[in-house]
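Dear colleague,

Please find below the structure that I am handing over to you. My notes on what was found in it follow directly after.

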Amino acid sequence: MKKWLIFVALLVLAFVLVACGEEEAVEPAEEEVVEEAVEEETPEEAVAEGTGEAFTIGVIPAQTVGELQSAIDKLQAVLDEALPQDVAVEVYPDYNGVVEAMNFDQIDMAYLGPLTYVIAQEQSNAEAIVTQLVDGEPFYHSYIITQADNEAETLDDLLANPGEVDFAFGDPNSTSGSLIPSIELQKRGVYTDEDDYEFNSAQFTGSHDATALAVQNGQVTAGAIDSAIYNQLVEEGTINPDEVKVIWESDQLFQYPWAVTEETSNETIAAIREAFLAIEDQEILDAFGADGFTEASPEDYESIRQAAIQQGIIEE
């Protein structure tokens, strides 16, 4: 009897050991399958399943935010359709805010002025990929404007008595509203910086449309402004060309770029370019003073980079 009980006990123990062995053989296999499935999932698949993050875009305040918002909403819809993830576009209150957002990885792409772009390029390797066309060309100028009834017809005339001039720049980080006219006024010996000048006063209005209105309303004698925005303000009736005139024009400047962070994939860049080049919605185009978009590259902004180095804004 005892032998029989021992036999049964050994038989049960053998069965348990075999069962445990099979279980251990199955579990690693299941874990391996799960791991393979995770490794094979692409970022696009993750986004499609709602696990991807939004592609975020920051826009500088080239004009009044309220005038941009409807167009921004439409542009967001266009890019939403073009990219696998959701797109979020936000207008920032100042130029520097967009650069800082890009530097700290808070946005994936930005609409920047040329100077703001070369700063972002220097600080975080931002890459220009698209810019707008105005009259079929990717160029614009810096203008200096004054009242139409001012006796000055040229910048030389205006600067004959600089102590009688109240001068307005736009944003301190604006290319056409600050950098380029500052260099010109430095050459003429009437301006060093915001604390050292020969004018009666010098101020920063913060935006191109604010500068144009300050000149038209006689709050300042003259001001620096983006040529494309000036022309747009005239066309829409914000500025009366019978009350304001241009007395100086800079050399050609490459238009405002849309730039992405260095982590952006080539596939995403290609999709963004394709979407922009296909835009025909007039409200979107008008918001950026454009009649279309074209490709851009970092090399297009080398002259602005050199100007920024000259002014000590970035290091060589």
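**Notes on the structure**

Asn125 lies in the loop between α5 (114–124) and β4 (127–133). Helices and strands here are DSSP runs, numbered from the N terminus: a helix is H or I over at least four residues, and a strand is E over at least two. Please note that this is a predicted model, in which local features need a pLDDT of at least 70 and side-chain atom pairs count only at pLDDT 80 or more, while totals for chains, interfaces and linings use all residues. Residues are numbered from 1 along each chain as its sequence is written, and side-chain values use heavy atoms, with hydrogens and water left out.

**Two positive phi angles**

Most residues other than glycine have a negative phi. Asn125 has a positive phi, near 60°. With a relative accessible area of 44%, Asn125 is partly exposed; this term covers the range between buried (under 20% relative accessible area) and exposed (over 50%), computed with a 1.4 Å probe on protein chains only.

Asp105 also has a positive phi, about 60°, although it is not a glycine. Asp105 sits in the loop between α4 (95–103) and β3 (109–111), and its relative accessibility of 59% makes it exposed.

Which residues of α4 are buried? They are Tyr95, Val98, Val99, Ala101 and Met102. These residues lie on the same side of α4, because they cover an arc of only 160° around the axis; the arc is that of the directions from the helix axis to the C-beta atoms. The buried residues of α4 pack against β1 (55–59), β3, α5, α8 (208–216) and β14 (257–260). At the start of α4, a side-chain oxygen of Asp94 comes within 3.2 Å of the backbone nitrogen of Asn96. Such a polar contact is a pair of N or O atoms within 3.5 Å; within protein, one must be able to donate a hydrogen and the other to accept it, and residues adjacent in sequence count only if both atoms are side-chain atoms.

In helix α9 (residues 227–235), the buried residues are Ser227, Ala228, Ile229, Tyr230, Gln232 and Leu233. Their packing partners are β5 (139–140), β6 (142–147), α8, β11 (222–226), β12 (244–249) and α11. At the start of α9, a side-chain oxygen of Asp226 reaches to within 2.6 Å of the backbone nitrogen of Ala228. Just after α9, Gly237 has a positive phi of about 90°.

**The largest nonpolar core**

A nonpolar core is a set of buried Ala, Val, Leu, Ile, Met, Phe, Trp, Tyr and Cys residues joined through side-chain atoms within 4.5 Å. The largest one has 92 residues, of which Met109, Trp258, Phe276 and Phe288 touch the most other members. At least three residues of this core come from each of domain 1 (55–137 + 255–311) and domain 2 (139–253); the domain bounds come from an automatic or database domain assignment. Leaving out residues up to four places away in sequence, Met109 touches residues including Phe55, Leu79, Met102, Ile129, Trp258 and Phe276. Contact means heavy atoms within 4.5 Å.

**Gln255**

Is Gln255 buried or exposed? With a relative accessible area of 1%, Gln255 is buried. It lies in the loop between β13 (253–254) and β14. The side chain of Gln255 reaches the backbone oxygen of Phe139 at 3.3 Å. Its contacts, neighbours within four places in sequence set aside, include Pro114, Thr131, Phe139, Ala228 and Tyr301.

**Salt bridges**

How many salt bridges does a search of the whole structure find? It finds six, a salt bridge being a side-chain nitrogen of Lys or Arg within 4 Å of a carboxyl oxygen of Asp or Glu.

- Asp281 pairs with Lys74, with the closest N and O atoms 3.3 Å apart. This pair links distant parts of the chain, 207 residues apart: Asp281 is in the loop between α10 (266–277) and α11 (282–287), and Lys74 is in helix α3 (residues 65–82).
- Glu184 pairs with Arg188, and their closest N and O atoms are 2.9 Å apart. Glu184 is buried at 15%, whereas Arg188 is partly exposed at 31%.
- Glu302 and Arg305 meet at 3.3 Å, N to O. Both lie in helix α12 (residues 302–310), three residues apart, about one turn of the helix.

Salt bridges that share partners also join Lys74, Asp281 and Glu283 into one network.

With kind regards
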